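Please study the sequence and the structure shown below. Then work through the exercises in order.

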Amino acid sequence: MKTAILGGGLSGLTLARLLHEKGDDIVVLEAESEVGGLCRSKTSQGFTFDTGGSHIIFSRDSEVLEFMRRMIAGNEQRNNRNTKIFYKGKYVKYPFENGLSDLPPEDRFACVNGFVKMMIAVEKGEKTAPSNFREWIYYTFGTGIAECYMIPYNEKIWKFPTDLMSCQWVEGRIPRPPVEDIIKSAIGISTEGYTHQAIFSYPLDGGIEALVHSIAKPIEKFIRTGFRVNAITKTGSRWMISNGDEVIQADRCICTMPIQHLLPCIRSVPATVRNAADALKYNSLLCVTIGIKGPVPDISWLYIPEHHVGRTNRISFPSGYSCHVAPDGCSAIVAEITHQPGDEVATLPDYEILREVLEMLQEMQILNKDQVVFSSVERMPFAYVVYDCEYKKNIAIIRKFCSETGIALVGRFAQFEYLNMDGCIRSVMDYVAAS
Ligand SMILES: Cc1cc2nc3c(=O)[nH]c(=O)nc-3n(C[C@H](O)[C@H](O)[C@H](O)COP(=O)(O)OP(=O)(O)OC[C@H]3O[C@@H](n4cnc5c(N)ncnc54)[C@H](O)[C@@H]3O)c2cc1C
């Protein structure tokens with residue numbers, strides 16, 4: 001049986017490898033000239049940058065973590081996370097609720113007071129369960145943490161009002177912190193949050209793309225790059241998958257590319273399904289990569305919730321993840337800016353974005369512009385799934401159609417879910433185990 005895998009990002013390549021190990025005949029069809037999707041990296045002038053935003057390897061899922069670490073064995077740097085939030089000109093420990101002692105006293109009071117009041121109200125049954133993401137933030141963290149950090153940061157990254165987002169994707173992902181930790185954090189006793197990420201791995205050489213290359217190694221000869229799928233039909237039990245010039249035949253078709261790219265390839269998609277796909281919300285990413293002479297702060301990455309600081313929502317310092325990604329005496333910086341497809345940022349020229357980011361970094365005293373020795377701007381059209389309140393209804397319509405059509409959906413933008421690399425690999429492992 002021959003399986004065609006549409007898309008050669010992390011999901012498509014992992015799927016191809018695991019199916020190949022089971023003895024299946026596979027072909028991976030990737031539109032771009034390089035595989036890797038969001039997990040691509042570029043090396044230039046001695047700097048290596050992840051072009052789909054800064055990536056790190058971590059997971060709560062021990063089987064998946066073991067798989068990823070095995071793939072980069074011999075090429076791994078282990079790191080302790082030292083992440084901060086840039087708030088009112090100060091570095092606050094991340095997660096915000098674990099960094100309350102870094103706040104000005106009035107904000108610290110607002111955060112502890114708001115948390116305790118909300119916790120008591122919830123325990124007394126005075127609060128109804130949250131019905132949207134904004135309500136969930138207040139319900140979980142109280143007014144202070146919600147208004148100082150959670151709401152501004154989330155509205156900045158999602159580019160979407162939090163009261164129009166569903167809370168389905170955070171439930172279970174972000175628990176309510178224990179009150180003891182909030183008190184300790186406010187009086188300056190060190191506590192850690194998101195401990196599954198407190199130690200992370202990164203490839204020493206090659207950036208995050210080293211992970212996908214290692215996964216792809218045994219199946220390289222089954223990958224077709226530059227094959228942009230634009231038509232999919234079924235004749236009897238055979239799938240015919242075309243890029244306009246050539247047709248690949250297969251018995252099974254698995255999609256790991258965005259569903260927004262899949263549906264136009266299929267003839268006679270019902271209007272209800274097309275409308276549901278058009279209504280799905282997602283963000284694009286603009287990624288500014290900068291190489292400088294000299295050091296950067298000893299921080300893994302930095303969240304920037306305040307709008308007045310700049311459009312950037314996160315700055316990472318990958319030369320702290322691997323000592324091989326910048327030349328000696330130099331450091332690497334990545335600034336990420338999310339935006340909605342077709343908005344003002346989408347049409348801003350690269351030099352304008354770069355100018356803005358460099359000014360912001362200079363203002364924050366992270367660099368001096370005359371230290372810059374390398375810069376580039378990368379754009380990723382599909383970066384984040386946005387869970388608006390209509391998400392559940394729309395995605396169900398599309399999944400039902402794809403399931404009836406016989407095309408399996410695996411991966412971040414095929415499943416259209418907030419899946420990190422570990423979530424994608426878990427989906428692949430589960431699919432392969434069930435197939
Ligand atoms: C800013 C940012 C930071 C992140 N950081 C982390 C992190 O630190 N740790 C972590 O675990 N995860 C992280 N992630 C998530 C991680 O990048 C994704 O989970 C993973 O890369 C998704 O892989 P995928 O193969 O499912 O999708 P993609 O990488 O999107 O791959 C889809 C592939 O389909 C191809 N394609 C599209 N259309 C066609 C077509 N018509 N024909 C053929 N091919 C097509 C694309 O070119 C692409 O190669 C981050 C994501 C972002 C946006």
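Two exercises with worked solutions follow.

This is a predicted model, in which local features need pLDDT of at least 70, side-chain atom pairs count only at pLDDT 80 or more, and totals for chains, interfaces and linings use all residues. Residues are numbered from 1 along each chain as its sequence is written.

**Exercise 1.** Describe how helix α1 and helix α6 pack.

*Solution.*
Step 1. Helix α1 covers residues 10-21 and helix α6 residues 209-216; helices are DSSP runs of H or I with at least four residues, numbered from the N terminus.
Step 2. The two helices pack at an angle of about 25°, and their axes are 9 Å apart. Axes are lines fitted to C-alpha atoms over the stretch in contact, and angles run from 0 to 180 degrees between N-to-C directions.
Step 3. Helix α1 is therefore roughly parallel to α6, a term for angles under 35 degrees.
Step 4. Leu10, Leu13, Thr14 and Arg17 of α1 make the contact with Val212, Ile215 and Ala216 of α6 (C-beta atoms, placed from the backbone, within 7 Å).

**Exercise 2.** Which strands pair with β6, and in what sense?

*Solution.*
Step 1. Strands are DSSP runs of E with at least two residues, and two strands pair if DSSP finds at least two bridges between them.
Step 2. Strand β7 (residues 90-93) pairs with β6 in the antiparallel sense over four bridges, and Phe86 stands opposite Tyr91 in β7.
Step 3. Strand β15 (residues 301-303) pairs with β6 in the parallel sense over two bridges, with Lys84 opposite Leu302 in β15.

Technical notes:
Parallel < 35°, antiparallel > 145°, perpendicular 65-115°, else oblique. Contact = placed C-beta atoms within 7 Å.
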